[in-house]
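Dear colleague,

I am handing over the structure that we talked about, and below it you will find my notes on what came out of it. Please read them with the model open beside you.

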Amino acid sequence: MATTTSSPHSLFLQNRNSHPLNKNNLASFTNLKKINFFNTKRAISVTCSAASAPTQDRTAAQIQSGQEDRVFNFAAGPANLPEKVLLKAQSELYNWRGSGMSVMEMSHRGGATTQFAAVPLNLCTPNDPVDYIVTGSWGDKAFKEAQKFCNPQVIWSGKAEKYTKIPNFDALEQNPDAKYLHICANETIHGVEFKEYPSAKNSTGILVADMSSNFCSKPVDVTRFGVIYAGAQKNVGPSGVTIVIVRKDLLGNAQDKTPVMLDYKIHDENNSLYNTPPCYCIYMCGLVFEYLLELGGLNEVEKMNRKKAELLNNVIDGSNGFYRCPVEKSVRSFMNVPFTLEKSDLEAEFVKEAAKEKMVQLKGHRSVGGMRASIYNAMPLAGVEKLVAFMKDFQAKHA
């Protein structure tokens, strides 16, 4: 959410009108000011080892002599963190204790699940009907949560076909009295992605989308939606941030029992500062937004993602059945590519051998098994090329 205050603690949330997603009829709950975060004064190199001398706290004399850039922060919160802790976190940020990844990249990292309740609480009354299209586990979870706060109906489910398809939009039997139509734009577990979006045929024309796993992976016309929500931890930043984009006319209709922290109007009126926001996580999101712009924007990002997904799917489809992807080709996700082996007893070995080659987290979700390669924005083409080469070598050894 945005802020127009002048407090230094809210610097990264200022100037809501400058954000590229902001439209006059939208309330975006994490609009960030465009800031050149990469223009820093100096770098600090810190080496941590058992034999390192302990980091000493600053003295007043060091501050007065200009030896340090930091100030004494008397804020009520967010407040000081111990300098030793900050320096250690700095040293471990890029590669946490030899794991080969940042602690912010490690599983399991949270998401936008709270919005499963917030959406119906803000958009309808307990007796209002709403429509849900269920194309995977996350859409199903959203539907089940909505049952506590409204009268939802599943108008299409892919469960019978193991969530491998997207419905024909023309064949959907939408309820004209439904308050909204809900979809999950990309299902991370089953690897199914909407390439186009259905039109809501309810009287209010409200389409709601959970875009947690493909947000900022391609251009999206946000004006087609009443609400878009997304957990940041796939393509935008660390876990702890949820982005919510709401049509302005949908604010102020929350049910009386709605917790204050789930009321969209409260957050909009307080510029996303009703409570202390996760400042560092939002700062990281700002860096990522800057990076995406440097790449050329979401049109270029989409091209990169398409290339990676096609490269991976081509080796699966060209393996003569050694590798198999169950998802219908036209709706395969650019973000999450699930696949199995013809010889299922080799799957554990595949994951183990890949890890030896520094390719990790390839085991499929426990509910479906097999393997899954998540190739979000930050996965470089080189990573997919290495995986594809490994897959070819593995097949040659075991076919």
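**Notes on the model**

K358 lies in the loop between α8 and β12 (371-374), where helices (H or I, at least four residues) and strands (E, at least two) are DSSP runs, numbered from the N terminus. This is a predicted model, in which local features need pLDDT of at least 70 and side-chain atom pairs count only at pLDDT 80 or more, while totals for chains, interfaces and linings use all residues. Residues are numbered from 1 along each chain as its sequence is written, and side-chain values use heavy atoms, with hydrogens and water left out.

To stay with K358 for a moment, its phi is near 65°, a positive value in a residue other than glycine. Because its relative accessibility is 76%, K358 counts as exposed (exposed means over 50% relative accessible area, buried under 20%, and partly exposed in between, with a 1.4 Å probe and protein chains only). R97, in the loop between α2 and α3, also has a positive phi, near 50°, and at 56% relative accessibility R97 counts as exposed. Another loop, between α1 (60-64) and α2 (83-92), holds P78, which is joined to G77 by a cis peptide bond with omega of about -5°.

Taken as a whole, the protein has nine helices and twelve strands, and buried residues make up 45% of its 399 residues. Among contacts (heavy atoms within 4.5 Å) between residues at least 6 apart in sequence, 65% join residues at least 24 apart.

Which helix is mostly covered? It is α3 (residues 115-123), where nine of the nine residues are buried, and these buried residues pack against α4 (137-146), β7 (207-210), β8 (227-231), β9 (242-247) and α5 (264-269). The packing of α3 with α4 is at an angle of about 50°, with the axes 8 Å apart; axes are lines fitted to C-alpha atoms, for helices over the stretch in contact, and angles run from 0 to 180 degrees between N-to-C directions. α3 and α4 are therefore oblique to each other, given that angles under 35 degrees count as roughly parallel, over 145 as roughly antiparallel, 65 to 115 as roughly perpendicular and the rest as oblique. On the α3 side F116, A117 and P120 take part, and they meet W138, K141, A142, E145 and A146 in α4. By class, this contact of α3 with α4 has six nonpolar, no polar and two charged residues (Ala, Val, Leu, Ile, Met, Phe, Trp, Tyr, Cys and Pro count as nonpolar, Asp, Glu, Lys and Arg as charged, and the others, Gly among them, as polar).

With kind regards
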